[in-house]
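Here are some friendly notes to read alongside the model. Please keep the sequence and the 3D view open as you go through the points.

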Amino acid sequence: MKTIDDRRPGGAAPPPVLYVRAAVPEDAELLARWRREAAAWVARRHGNRQWSGPDRPERRLALIGQGATVLALLAPDGPPVATCTVRAHGSRRRWTDEERTVPARYLRASTVDRAHAGRGIGRLLHEWAAHRAASAGAAVLRLDARTDNPALHGYYRCCGWRYLRTVPGIASGALFETPALLRPGLPVNELGEIRLPG
């Protein structure tokens with residue numbers, strides 16, 4: 001496991017402090033609403049169909065039940081402002097057998113409430129996920145992104161993700177990874193037990 005100093009160069013404004021808790025079944029409708037809102041925003045802004053496919057509420061509830069989905073808050077008793085799901089195994093359709101021998105965690109369904117976009121919340125939540133991945137012994141955190149959304153690819157690159165390749169024939173076939181690093185100074189506080197899969 002590697003550890004890095006999380007101080008940010010250039011005097012950049014620090015990210016907000018986040019409080020992360022495990023999602024519960026009662027959060028499922030909020031997550032579905034965020035997905036609809038994100039899909040509408042992406043369609044307006046980029047003419048893209050990301051998140052516009054059929055919703056799968058049963059899968060959402062299953063991931064919540066597995067402890068894979070978390071919510072981020074700006075205050076311990078505040079409303080949720082973002083979410084992500086972290087899984088222990090990658091899809092065989094996307095990741096090769098060789099890649100899946102590398103200890104990794106897989107980030108999915110990362111969404112920030114549009115009312116709080118642009119504040120660095122998504123990036124900070126990804127850094128927390130990478131920290132938790134490192135704590136579990138993973139070497140990398142991975143994700144797959146919509147193939148036809150170059151703006152999203154650019155965002156990930158700016159946040160330090162490395163583009164690997166695009167798997168043909170899959171809507172979300174653009175593959176990225178970032179090192180799983182311990183970040184002891186990360187401004188993220190965990191509320192209660194968060195038992196990510198793995």
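1. Let's begin with R162, which is partly exposed at 48% relative accessibility. The side chain of R162 meets that of E177 in a salt bridge, at 3.0 Å from N to O. A salt bridge here is a side-chain nitrogen of Lys or Arg within 4 Å of a carboxyl oxygen of Asp or Glu. This pair links distant parts of the chain: R162 is in strand β7 (residues 162-166) and E177 is in strand β8, 15 residues apart. E177 is buried, with a relative accessible area of 13%.

2. Before going further, please note what kind of model this is. It is a predicted model, in which local features need pLDDT of at least 70 and side-chain atom pairs count only at pLDDT 80 or more, while totals for chains, interfaces and linings use all residues. Residues are numbered from 1 along each chain as its sequence is written, and side-chain values use heavy atoms, with hydrogens and water left out.

3. Now look at D144 and R108. Their salt bridge has its closest N and O atoms 2.7 Å apart. D144 sits in strand β6 and R108 in strand β5 (residues 104-112), so the pair links distant parts of the chain, 36 residues apart. Helices (H or I, at least four residues) and strands (E, at least two) are DSSP runs, numbered from the N terminus. D144 counts as buried, at 16% relative accessibility, whereas R108 is partly exposed, with a relative accessible area of 27%.

4. Which parts of the chain does the salt bridge between R132 and E190 tie together? The side chains of R132 and E190 meet at 3.1 Å, N to O. R132 lies in helix α3 and E190 in strand β10 (residues 188-191), so the bridge ties together parts that are 58 residues apart in sequence. R132 counts as buried at 18% relative accessibility, and E190 is partly exposed with a relative accessible area of 36%.

5. Two strands pair if DSSP finds at least two bridges between them. Y19 stands opposite L73 in β3.

6. Which residues of helix α4 are buried? In α4 (residues 150-158), they are L152, H153 and Y156. Seen down the axis of α4, the buried residues fall within an arc of 105°, so they line one face of the helix. The arc is that of the directions from the helix axis to the C-beta atoms. These buried residues pack against α3 (121-135), β6 (140-145) and β8 (174-179). P150 and C158, on the other side of α4, are exposed. Just after α4, G160 takes a positive phi of about 95°.

7. Here is a loop to find in the viewer. R114 lies in the loop between β5 and α3, and R114 is partly exposed at 35% relative accessibility. The C-alpha atoms of R114 and W41 are separated by 8.5 Å, while the two residues are 73 residues apart along the chain.

8. Finally, step back to the whole chain. The protein chain has 4 helices and 10 strands, and along the sequence they follow the pattern β-β-α-α-β-β-β-α-β-α-β-β-β-β. Of the 198 residues in the protein chain, 46% are buried. Among contacts (heavy atoms within 4.5 Å) with a separation of 6 or more, 71% are accounted for by residues 24 or more positions apart.

Definitions and conventions. Buried means under 20% relative accessible area, exposed over 50%, partly exposed in between (1.4 Å probe, protein chains only).
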